[in-house]
Amino acid sequence: MDYSHQTSLVPCGQDKYISKNELLLHLKTYNLYYEGQNLQLRHREEEDEFIVEGLLNISWGLRRPIRLQMQDDNERIRPPPSSSSWHSGCNLGAQGTILKPLTMPNIQISEADAPPEGEQTPSPTDSRGLKPLQEDTPQLMRTRSDVGVRRRGNVRTPGDQRRIRRHRFSINGHFYNHKTSVFTPAYGSVTNVRINSTMTTPQVLKLLLNKFKIENSAEEFALYVVHTSGEKQKLKNTDYPLVARILQGPCEQVSKVFLMEKDQVQEITYDVAQYIKFEMPVLKSFIQKLQEEEDREVKKLMRKYTVLRLMIRQRLEEMAETPATI
């Protein structure tokens with residue numbers, strides 16, 4: 001990449017600009033940190049506008065479940081074929097009721113397939129040509145569910161796994177309940193979206209929600225830059241998340257971009273964040289020292305204004321005693 005000197009300005013928020021030269025220095029550091037990875041960023045100029053583009057990591061910080069669309073690109077989300085299979089000869093309804101028994105499938109999971117009805121096949125024999133092995137046939141006709149019944153302990157039977165898959169699917173690695181369409185991303189898990197430096201915070205939010213087919217409005221959420229110190233800075237609607245990430249630096253052990261609910265998170269300034277991780281006794285000692293310092297300042301001001309008041313009173317008395325001259 002060409003990091004030659006530039007003189008124009010690049011917007012990084014409302015009425016906020018950074019020189020292209022300085023942004024290129026940050027971008028160079030960013031790409032060196034992610035050298036050899038797909039998180040490296042590219043830059044280009046289009047109609048005299050400097051544009052940076054690439055992947056932005058966003059961590060999930062949601063506390064409440066969110067709704068997923070039941071329609072994905074005009075196509076109904078249906079369970080996979082394995083989830084609609086039978087189990088132990090019966091079919092379970094939506095509320096767990098037993099419906100009409102299903103017939104056994106033609107193809108059974110066994111070591112030897114059964115011959116079709118009405119078709120005569122020669123009986124198998126052992127390698128020495130002795131008596132037929134017809135008495136072993138019932139033992140070979142074991143279905144998968146029959147085998148699963150024998151399992152014990154914490155291991156799920158194939159039938160249990162089919163029931164879980166029937167109502168639990170995955171979108172890009174995040175699981176949700178098919179019946180209620182509730183999305184439950186793990187707190188702190190990371191996803192990414194491909195954006196550029198001209199996209200504002202609402203645009204990035206809409207792109208992320210559309211990627212996972214989330215029905216919730218983008219106005220319910222916000223992007224926060226969360227530091228390990230506890231500082232939380234909300235990105236404004238006029239900010240550019242990719243530029244903010246570049247300026248914060250590439251190391252996610254120092255700061256991360258989180259998707260959070262607007263009404264569940266409060267911004268924490270740096271001055272407040274530096275006291276958050278202290279124990280309560282330490283904080284109480286800080287408060288006590290601040291209180292003592294405040295009391296000293298109050299007493300100092302009281303003495304100052306007391307002396308000033310006395311001086312004013314004395315001056316007024318002198319003026320009253322001195323006769324006015326014509």
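**Reading contacts, burial and packing in a predicted chain**

Q: Of the contacts in the chain with a separation of 6 or more, what percentage comes from residues 24 or more positions apart?

A: A contact means heavy atoms within 4.5 Å, and on that basis residues 24 or more positions apart account for 64% of the contacts in the chain with a separation of 6 or more. This is a predicted model, in which local features need pLDDT of at least 70 and side-chain atom pairs count only at pLDDT 80 or more, whereas totals for chains, interfaces and linings use all residues. Residues are numbered from 1 along each chain as its sequence is written, and side-chain values use heavy atoms, with hydrogens and water left out.

Q: How many helices and strands does the chain have, and what percentage of its residues is buried?

A: Helices (H or I, at least four residues) and strands (E, at least two) are DSSP runs numbered from the N terminus, and the chain has eight helices and 14 strands. Buried means under 20% relative accessible area, exposed over 50%, and partly exposed in between, with a 1.4 Å probe and protein chains only; of the 326 residues in the chain, 29% are buried.

Q: In which sense do β3 and β4 pair, and over how many bridges?

A: Two strands pair if DSSP finds at least two bridges between them; here β3 (residues 42–46) and β4 (residues 49–60) pair in the antiparallel sense over five bridges. Within this pairing H43 stands opposite V52 of β4, and the two strands form a hairpin with two residues between them, where E47 in the turn has a positive phi of about 55°.

Q: How many residues of helix α6 are buried, and which are they?

A: Helix α6, which spans residues 241–248, is mostly covered, with six of its eight residues buried, namely P241, L242, V243, A244, R245 and I246. Just after α6, G249 takes a positive phi of about 105°.

Q: At what angle do α1 and α6 pack, and which residues make the contact?

A: Axes are lines fitted to C-alpha atoms, for helices over the stretch in contact, and angles run from 0 to 180 degrees between N-to-C directions. Helix α1 (residues 20–33) packs on α6 at an angle of about 75°, with the axes 8 Å apart. That makes the two helices roughly perpendicular, a class that takes in 65 to 115 degrees, while under 35 is roughly parallel, over 145 roughly antiparallel and the rest oblique. On the α1 side the contact is made by L23, H26, L27 and Y30, and on the α6 side by R245, I246 and L247.

Q: Is the loop residue E231 buried or exposed, and which residues does E231 contact?

A: E231, in the loop between β12 (221–227) and β13 (232–234), counts as buried because its relative accessible area is 17%. Leaving aside neighbours within four places in sequence, E231 is in contact with V225, V226, I268, T269, Y270 and A273.

Q: Where do D263 and I276 lie, and how accessible are they?

A: D263 is found in the loop between β14 (255–261) and α7 (270–276), and at 55% relative accessibility D263 counts as exposed. I276 belongs to helix α7 and is partly exposed, with a relative accessible area of 41%.
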